[in-house]
Amino acid sequence: MADTTLTPSRLWKRMTADQRARAAHAFWSDDDAIDDQVQAALLIAQQKKFRPKTVIGLDVDRKAKHLASLATVPDQIAGRALIVYHLADKRAMMGRFLDALGIKHENGLIQEDDVKPDPAKIASAAAQIAQEFPADDVRLYLNTLLCQDPATWGALEDLPQVSS
């Protein structure tokens, strides 16, 4: 039986071309992702038949274009790209969702460790952001939460805003 667990790399495959391009750009622009960026450069070099040094020397836009063109990336790289993408481009949506859940945050970034959302509020919070933001963005955000921390965000799993 095939494993269908949602992982960052499976989520990467489901992203629109625009989402992948934006996530890849955010990934290469993140000063804290150096180790992951080196791994991504090696992956691009292998996939595109380039020398790693050539990939590392490319500007951010060209590295992002190459990364976004890869249909498959390791979970570590996809996970980092998803996180930095949301922090770079989707803070308003993240903040609105957390506000609807009553979770304290700073511009979409949760302030406390071990936050557990009230399962009774999750469906209405997801429905609220689905009315305000594009469906593809909402789907990606909720699925990112789900695959990054299924224990905390498991109540999202059966919501219509999560299915593709």
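Helix 6 and helix 9 are oblique to each other, because they pack at an angle of about 130° and oblique covers whatever is left once angles under 35 degrees count as roughly parallel, over 145 as roughly antiparallel and 65 to 115 as roughly perpendicular. This is a predicted model, in which local features need pLDDT of at least 70, side-chain atom pairs count only at pLDDT 80 or more, and totals for chains, interfaces and linings use all residues. Residues are numbered from 1 along each chain as its sequence is written, and side-chain values use heavy atoms, with hydrogens and water left out.

**Helix 6 and helix 9**

- The axes of helix 6 and helix 9 are 11 Å apart; axes are lines fitted to C-alpha atoms, for helices over the stretch in contact, and angles run from 0 to 180 degrees between N-to-C directions.
- Helices (H or I, at least four residues) and strands (E, at least two) are DSSP runs, numbered from the N terminus.
- The crossing of helix 6 and helix 9 is left-handed, meaning that the near helix is turned anticlockwise from the far one by less than a right angle, while clockwise would be right-handed.
- Helix 6 makes the contact (heavy atoms within 4.5 Å) through Gly79, Leu82, Ile83, Tyr85 and His86, and helix 9 through Asp137, Leu140, Tyr141, Thr144 and Gln148.
- This contact of helix 6 with helix 9 has five nonpolar, four polar and one charged residues; Ala, Val, Leu, Ile, Met, Phe, Trp, Tyr, Cys and Pro count as nonpolar, Asp, Glu, Lys and Arg as charged, and the others, Gly among them, as polar.

**Helix 5 and its partners**

- Helix 2 (residues 17-29) and helix 5 (residues 60-68) have axes that come within 8 Å and cross at roughly 130°.
- That angle makes helix 2 oblique to helix 5, and the crossing is right-handed.
- On the helix 2 side, look for Arg20, Ala21, Ala24, His25, Phe27, Trp28 and Ser29; they meet Val60, Asp61, Lys63, Ala64, Leu67 and Ala68 of helix 5.
- By class, the contact of helix 2 with helix 5 has eight nonpolar, two polar and three charged residues.
- Helix 3 (residues 34-48) and helix 5 have axes that come within 10 Å and cross at roughly 65°, which makes helix 3 roughly perpendicular to helix 5.
- Helix 3 passes helix 5 in a left-handed crossing, with Ala40, Ile44 and Lys48 of helix 3 touching Lys63, His66 and Leu67 of helix 5.

**Pockets**

- On a 1 Å grid over the protein atoms alone, a cavity is a set of points where a 1.4 Å probe fits but cannot get out, and a pocket is an open set with protein on both sides within 12 Å along at least five of seven lines; lining residues have an atom within 4 Å of a point.
- The largest pocket has 20 lining residues, and Met94, Leu109, Ile110, Leu145 and Trp153 lie nearest its centre.
- Elements giving two or more residues to this lining are helix 6 (75-89), helix 7 (91-101), strand 2 (109-110), helix 9 (135-148) and helix 10 (150-153).
- The lining of the largest pocket has 11 nonpolar, five polar and four charged residues.
- Helix 9 also gives the most to the lining of the second largest pocket, with three residues.
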